[in-house]
Amino acid sequence: EDRASIQVYEETGGVGPGEPVEPTYEPLSVELGPGLLESIYDGIQRPLNIIRDMVGNNITRGLTVPGLDRNRKWHFTPTKKKGDIVEEGDVIGEVQETVLINHKIMVPPGIKGEIVSIKEGDFTVEEEVAVIQSPITNHPRLPKRSGGQESPITMLQRWPVRRPRPYKEKLPPEIPMFTGQRIIDMFCPIAQGGTACCPGPFGSGKTVIQHQISKWADAEIVLFIGCGERGNEMTDVLIEFPELKDPKSGEPLMKRTVLIANTSNMPVAARDASVYTGITIAEYFRDMGYKVALQADSTSRWAEAMREISGRLEEMPGEEGYPAYLATRIAEFYERAGRVKTLGSDDREGSLTVIGAVSPPGGDLSDPVVQNTLRVVKVFWSLEDWLAYQRHFPAINWLSSYSLYSDSIRDYIEKNIAKDLPLLVKDSMKILEKESELKEIVRLVGIDALSQDDRLTLEVARMIREDFLHQNAFHELDTYTSMAKQYKMLKLILYFYEKAKEAVKKGISVEALSKMSCLEKIAKAKYVAEDKLEDIEGIEKEIDKEIEGLK
Ligand code: ADP
């Protein structure tokens, strides 16, 4: 009736009785269209780089700048023609948004019919590029000749951030999203459209992992949401990200990236909104048929914003003061990930993979945000600071990390990479698990208590850790490893293990085996170039020859 509730996304200082109120007639929405890429937005899609040019370093109160530039012209090329029948989600034209990405202009949800006009040319996002007339029906129950309304189509769509964008069908997570990072791809892989979570104690290499995934993951669009981190950390992201290069094209990575930045001193409501703003933009690119990777850092800060808002609304607090609906909100957020058949009459497939970082206070994983996140995500990359102190990078603990996609992607791996790869991974994991047991024994009674077999297991486990899992993000050849190379590297280590086991049976000591010169070659396999993979196979022969020599 005459009451309205107002959601304020900005500083409320100074607001009081007597202030004029203007309705927007819609919930918080984002603008979707050409111009999203290369942008740096705040939590409610205000372009920060444009604001800085307008008013300097601080956003002044009440400043509104539209998310998409109203004056810039884009060249629109129709892919449909007059007279074509289209439905929601159909692509009617394209805009070359950046050198890397072709932006598809789609019929907005809720509109279908016949194209009565469409034109090529340079337009702003608000100018009409086509008109669609809804079908005329002669249904007996409807008034005669209903329909026939004309909907003008522009390149700009608006969408309320909290409502997931519609799609036709969700597909099972059967295709892996390779990242070129060995520990991830082999031991805790993520699927296209999957969800993952990683905690990041300070200095554990979280930023490096995020950059590596943005650069190398098998995704076309990168969305990065910096949520509630301190200003100086966010500054690092904003300075470093635009300097990253897309390794495949050599172009700046920003040409296929959207950044959302929300520091801890920005209003909490905007921080709460930022993850939704980000994921809505990500879904929009997914709808075009792209593979999108979204990273949110950190979802703990987002949950804290929720807690603050809930407190002010005087809601009943749940665990540790978080609202009782914390679990639902977290689940709803990750639920928006997925590989889908998009709307539209053609068979387009897009995927949205969501990777959330959590930063629980004191690194305590029993924190409600972490626990509720782990309940919904399927992959956990346990970044640990003690590994980073030992300079073992990526500092992902191989024993406590896991992936629940290993089974669903097995078929794909067996068909496309190698039939025996899942088995190799399983055997390697067994060796690493055995190592942690043996280390405990060594700690209690010393290495002399171990049999030759066990000592060999320790040696091979060391090789898996140092020669395979350890990966230097700053080495030109080591920074990315294709699946073919990862397979060959792991196979080589296990080949050595088999041969060494036989040798030990014949009475050769592990000490002698571990001094063989081919071990050096195995360790350097990571530096073999991607186009010289046969060199790795060559090492197997050297292993045979050297072991023969020991007998
Ligand atoms: P965090 O963001 O967790 O505080 P960073 O990502 O900044 O930590 O990493 C800290 C340092 O660790 C980096 O400056 C880098 O020297 C080192 N490091 C992290 N990951 C790797 C890696 N994969 N390879 C080599 N060095 C790494």
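Trainee: Which residue in β6 stands opposite Gly 93?

Mentor: Gly 93 has Ile 105 of β6 as its opposite residue. Please bear in mind that this model is predicted.

Trainee: How many bridges connect β5 and β6, and in which sense do they pair?

Mentor: Strands count as paired when DSSP finds at least two bridges between them. Here β5 pairs with β6 (residues 102-106) in the antiparallel sense, over 5 bridges. The two strands form a hairpin, with 5 residues between them.

Trainee: Which strand does β3 join, and through how many bridges?

Mentor: Strand β3 (residues 74-78) is joined to β5 (residues 91-96) by 3 bridges, and these strands run antiparallel. Within that pairing, Phe 76 is set opposite Val 95 of β5.

Trainee: Let us turn to the ligand. How many residues surround the ligand, and which are the closest?

Mentor: A residue is counted if one of its heavy atoms lies within 4 Å. The ligand is surrounded by 14 residues, the closest being Gly 203, Lys 206, Thr 207, Val 208 and Ala 473. By class, this shell holds 6 nonpolar, 6 polar and 2 charged residues.

Trainee: Which backbone atoms lie by the oxygen and nitrogen atoms of the ligand?

Mentor: For a polar contact, look for N or O atoms within 3.5 Å of each other. A polar backbone atom of Lys 206 is 2.9 Å from a ligand oxygen, and one of Gly 205 is 3.0 Å from a ligand oxygen. A ligand nitrogen has a backbone N or O atom of Gln 471 at 3.3 Å. Of the 560 Å² that the ligand exposes when taken alone, the protein buries 73%.

Definitions and conventions. Residues numbered from 1 in each chain as written. Predicted model: local features only at pLDDT ≥ 70, side-chain atom pairs only at ≥ 80, totals over all residues. Heavy atoms only, no water. Polar contact = N/O pair within 3.5 Å; in protein donor to acceptor, adjacent residues only side chain to side chain. Areas by Shrake-Rupley, 256 points an atom, 1.4 Å probe, with all protein chains shown as cover. Nonpolar A, V, L, I, M, F, W, Y, C, P; charged D, E, K, R; others polar. Helix = DSSP H or I, 4+ residues; strand = E, 2+ residues; numbered from the N terminus.
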